[in-house]
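Welcome, and thanks for taking a look. Here is a short briefing to read alongside the sequence and the coordinates.

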Amino acid sequence: MSDLYRTPLHALHLSLGARMVPFAGYDMPVQYALGVMKEHLHTRAAAGLFDVSHMGQVILRGPDVAAALETLIPQDVAGLGEGRQRYGFFTTPDGGIADDLMFANRGDHLFVVVNAACKDQDIAHMRAALEPRGIAVTPVTDRALIALQGPQAEAVLAGLNPSVRDMAFMDVATVTLLGAECWVSRSGYTGEDGYEISVPEAMAEPLAKALLADDRVEAIGLGARDSLRLEGGLCLYGHDIDTTTTPVEAALVWAMQKVRRAGGDRQGGFPGDGPILAQLAAGPARKRVGLRPEGRAPMREGTPLFDAESGGAQVGHITSGGFGPTVGAPVAMGYVATASAAADTLLFGEVRGKRLPVRVAALPFVPAGFKR
Amino acid sequence: MKYTEEHEWLRVEGDVVVVGITAHAAEQLGDVVFVELPEVGQTLTRDDEVVVIESVKAASDILAPLDGEVTEVNDAIVNDPGKVNEDPEGEAWFFKMKVEDMSALDDFMDEAGYKDFIG
């Protein structure tokens, strides 16, 4: 295990009895004593604390930094107000997705958070494209990242600093917590209200302990993080989206603001703009959809989907699937041919050699609890 | 009680053997969300994949521990898979099988042997 990185909360995870697994090069908690099911349900009922310090935090600073970042992502960066955050993704020259990210306008710089498994390549990509434009690309390596998620997250965090109550969904602010300068956003990846907190690493454990001291808060591992985001209809990079899926196929067009689409003031100008905008105009041949197996058997990643119980044609496959504890039934996401993508379409997933019924369903499976 | 290296427990009740999974196995699997049991009357050959069990994490197969025939299955765990985590060595048995050669049970570990096996 010595070849795995450890987050500043590693010792805390062990002291809480976490089961640790290798994830994206880090030794991370997959679950604690409560177990995945109860951790999931607790997050939706009260509040869950997640260590997401393995993710990459990066500061971009320099002249016209918003315009510079717009050369790499199909989002409206220049129009993002100070103190606001947006979801986005790096695109590839042939229209795929190289990673997804959050970016925030923090006044004199942009703050970017990328996936752990992609962070080295993302940083190299940003350096190659942005440094020639005079932008400094600075990985933040002395901070942990903690997410506090759930309907009680506001009440809990407000106990440390009441100003967090005034933040709306996707607001970002510098907030003092236990005397430490924290960069807080009102966001997360569970479909619940909550916060993501970038905290100086020396203060990470005291902050996590202070939050866990509240009866409403439980530590939550990667297992429940996955089932929460799946019920929330949120994509997991490397599974639901990757270099072979376009944003149009992935049903992420909502995250490409009109100003960057055909006819917008700053249309195109990102990698793969040609194929992506052409596909947006013509419509994709396949789409990412929600899927509800009709039986109790979960349909996991890789399950092929057919349009008939016997014979017929394969029309797609599942990219994420498992049991949804809040739904109380199996849930999944996957790609299907556009002709099979309408809600309620009956398909069949092949599980252990048997074709089992599954219906196309609207996402998310659980209504979002965001504070708009 | 006897134990297999596949983390099943086997309990003799007259001329049938009751099969379930150990508390250690249930804990390792995590929250069980789906169980598929064999049919009553199904003939089993040792090491057949006889039960499918899915947890929040993954799917696993349970292998038939002996040759024989299924005489009864526990539908309660199909309807409420969480019982497998709550009471794996009691209420949450999987199936019962008639075994022709009860002496085959002697090959399996006893409780002390299983405890050593799981360390």
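A residue counts as buried when its relative accessible area is under 20%, as exposed when that area is over 50%, and as partly exposed in between. With that cut-off, 47% of the 119 residues of chain B are buried, while in chain A buried residues make up 59% of 372. Please keep in mind that this is a predicted model.

**Chain A: overall build**

- Chain A contains 8 helices and 19 strands.
- Its radius of gyration is 21 Å, close to the 21 Å that the globule rule gives for 372 residues, so chain A is as compact as a globular protein of that length.
- The C-alpha trace of chain A spans about 65 × 50 × 40 Å along its principal axes.
- If you look at contacts in chain A with a separation of 6 or more, 66% of them are between residues 24 or more positions apart.

**Chain A: surface and charge**

- Chain A has an accessible surface of about 14300 Å², and 53% of this belongs to carbon and sulfur atoms.
- Its charged side chains are 34 positive and 41 negative, with the centres of the two sets 4 Å apart.

- You will find A:D240 in the loop between α7 (222–231) and α8 (273–282) of chain A.
- A:D240 has a relative accessible area of 0%, and a residue is called buried when that value is under 20%, so A:D240 is buried.
- What does the side chain of A:D240 make a polar contact with? The partner is the side chain of A:R229, at 2.8 Å.
- Leaving aside residues up to four places away in sequence, A:D240 touches A:R229, A:L234, A:C235, A:T245, A:R288, A:T319, A:S320, A:M333 and A:Y335.

**Chain A: backbone details to check**

- The peptide bond that runs from A:L363 to A:P364 is cis, and its omega is near -5 degrees.
- A:P364 itself belongs to the segment after β19 (354–361) of chain A.
- A:A24 has phi near 50 degrees, a positive value in a residue other than glycine.
- This A:A24 sits in the loop between β1 (19–23) and β2 (26–31) of chain A, and at 34% relative accessibility A:A24 counts as partly exposed.
- For A:R352, phi is near 50 degrees, again a positive value in a residue other than glycine.
- The loop between β18 (346–351) and β19 of chain A holds A:R352, which counts as partly exposed at 37% relative accessibility.

**Chain B: overall build**

- Chain B has 4 helices and 9 strands.
- Following the sequence, the elements of chain B come in the pattern β-β-β-α-β-β-β-β-β-α-α-β-α.
- A compact globule of 119 residues would have a radius of gyration near 14 Å, and the 13 Å of chain B agrees with that.
- Along the principal axes, the C-alpha trace of chain B spans about 35 × 35 × 20 Å.
- Of the contacts in chain B between residues at least 6 apart in sequence, 61% join residues at least 24 apart.

**Chain B: surface and charge**

- How many positive and negative side chains does chain B have? There are 8 positive and 30 negative ones, and the centres of the two sets lie 5 Å apart.

Technical notes:
Residues are numbered from 1 along each chain as its sequence is written. Chains are lettered from A and ligands numbered from 1 in the order in which they are written. This is a predicted model: local features need pLDDT of at least 70, side-chain atom pairs count only at pLDDT 80 or more; totals for chains, interfaces and linings use all residues. Side-chain values use heavy atoms; hydrogens and water are left out. Helices (H or I, at least four residues) and strands (E, at least two) are DSSP runs, numbered from the N terminus. The radius of gyration is taken over C-alpha atoms; the globule rule is 2.2 Å times the number of residues to the power 0.38. Buried means under 20% relative accessible area, exposed over 50%, partly exposed in between (1.4 Å probe, protein chains only). Contact means heavy atoms within 4.5 Å. Accessible areas come from the Shrake-Rupley method with a 1.4 Å probe; for residues, only the protein chains shown count as cover. Lys and Arg count as positive and Asp and Glu as negative; His and the chain ends are not counted. The place of a charge is taken as NZ of Lys, CZ of Arg, CG of Asp or CD of Glu. A polar contact is a pair of N or O atoms within 3.5 Å; within protein, one must be able to donate a hydrogen and the other to accept it, and residues adjacent in sequence count only if both atoms are side-chain atoms.
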